[in-house]
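I open this notebook to record what I looked up in the structure and in what order.

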Amino acid sequence: MPKLTPLTIKRLQELEAAVLGQVRSDDPRVNELIAGLVRHAHALVRETRPTHEEWAAALDFLIRVGRACTDQRNELILLMDMLGLTSAVDDVNFPGIAGATPSSVEGPFHAPAPPRSNGDWISGGPERDRGEAMVVRGAVADVAGNPIAAATVDVWQADDAGHYDSQDPQQALGNLRGLFTTDGRGEFWFRSVLPSSYPVPTDGPAGELLKALGRHPMRPGHIHLHVTAPGFRSVTTHAFVAGDPYLGSDAAFAVKEELIVEPVLSTDRAAAAAHQVGVPFRLFEFSIRLVPDPGLGARGSGLGESR
């Protein structure tokens with residue numbers, strides 16, 4: 001690629017300066033964000049020098065990403081996940097306090113969940129008969145280990161075949177989802193089936209990009225959680241299934257070591273009877289540690305900002 005001429009370089013510099021000169025919001029943070037976007041976008045054009053045809057193709061790609069979004073699927077979130085940008089935003093916002101549960105990507109399949117009581121089955125489709133029964137027991141506490149009662153825990157997961165309710169006509173909407181409230185000990189629990197690894201949707205623009213890059217679309221098995229409590233930063237995170245073959249190559253770059261949970265195989269008949277499941281079953285136990293933040297109350301960071 002030939003070097004840019006001095007005249008072209010001068011024009012590009014003047015163009016960027018002119019655009020930056022029009023960034024004049026009354027909000028300093030808006031100026032900071034837009035100016036950063038302009039600088040990096042102009043630098044990308046100077047570095048890669050796209051042709052008119054490539055620029056038109058890029059714009060068409062983004063238009064198709066927008067058109068692929070529905071109430072049940074967000075292609076833009078999927079694209080950001082596949083590029084690692086969602087995880088980058090998570091990391092720069094993680095408070096970095098020892099013991100705090102790190103955030104992880106929301107993904108494109110979050111949807112309103114039905115309220116549930118502790119101990120409920122969230123699995124009500126055909127997966128309940130064919131999948132491995134799983135008892136999920138979680139505890140919400142602060143970073144010092146003090147339990148947080150009345151925290152809200154929003155959970156959603158795919159089934160044993162890797163399908164969310166919105167992808168599978170055999171599942172009713174709301175299947176494998178639930179809104180739980182922690183008890184006086186900060187605990188919640190429910191029954192479900194062990195989630196499988198699965199491919200992200202590849203029938204849209206994000207899938208086209210994965211194919212063009214020679215990447216696989218697989219995500220390791222996991223449960224999504226969004227946890228909120230008054231006086232604490234909220235967190236959107238995962239509980240990943242230990243031993244899944246895709247833990248080291250998650251298409252969404254979302255796996256963190258602290259979020260991997262062992263699905264313990266149990267043949268304890270007394271424990272099975274207590275949880276009203278058959279044997280064998282999987283016991284999936286983990287804790288969520290929240291960071292105090294009285295200034296934020298229950299707002300925190302998470303689904304409210306990303307939807």
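I count two strands as paired if DSSP finds at least two bridges between them, and I take helices (H or I, at least four residues) and strands (E, at least two) as DSSP runs numbered from the N terminus. The model is predicted, so that local features need pLDDT of at least 70 and side-chain atom pairs count only at pLDDT 80 or more, while totals for chains, interfaces and linings use all residues. Residues are numbered from 1 along each chain as its sequence is written, and side-chain values use heavy atoms, with hydrogens and water left out.

I then followed strand 1 (residues 133-142) and strand 11 (residues 281-290), which pair in the parallel sense over 9 bridges, and I noted Phe286 in strand 11 as the bridge partner of Gly138.

**Entry: the sheet with strand 8**

Another open sheet is formed by 5 strands in the order 3-2-7-8-9, again with mixed pairing. Its edge strands are strand 3 (177-181) and strand 9 (260-261), each of which pairs on one side only. Strand 8 (residues 235-241) pairs with strand 9 in the parallel sense over 2 bridges, and the bridge partner of Val241 in strand 9 is Val261.

**Entry: helix 7 and its partners**

Which helix did I find packed with helix 7 at about 25 degrees? Helix 4 (residues 75-82) packs against helix 7 at that angle, with their axes 9 Å apart, and that makes helix 4 roughly parallel to helix 7. In contact (heavy atoms within 4.5 Å), Glu75, Leu78, Leu79 and Met82 of helix 4 meet Pro205, Ala206, Gly207, Leu209 and Leu210 of helix 7. By class, this contact has 7 nonpolar, 1 polar and 1 charged residues, where Ala, Val, Leu, Ile, Met, Phe, Trp, Tyr, Cys and Pro count as nonpolar, Asp, Glu, Lys and Arg as charged, and the others, Gly among them, as polar.

I also looked up helix 3 (residues 52-67), whose axis comes within 9 Å of that of helix 7 (residues 205-213) and crosses it at roughly 135 degrees, which makes helix 3 oblique to helix 7. Here Phe61, Arg64 and Val65 in helix 3 meet Pro205, Ala206, Glu208 and Leu209 in helix 7, a contact with 5 nonpolar, no polar and 2 charged residues.

**Entry: the backbone**

The peptide bond from Val279 to Pro280 is cis, with omega near -5 degrees, and Pro280 is found in the loop between helix 8 (269-275) and strand 11. Ala150, although not a glycine, has a positive phi of about 65 degrees and lies in the loop between strand 1 and strand 2 (152-157).

Technical notes
Axes are lines fitted to C-alpha atoms, for helices over the stretch in contact, and angles run from 0 to 180 degrees between N-to-C directions. Angles under 35 degrees count as roughly parallel, over 145 as roughly antiparallel, 65 to 115 as roughly perpendicular and the rest as oblique.
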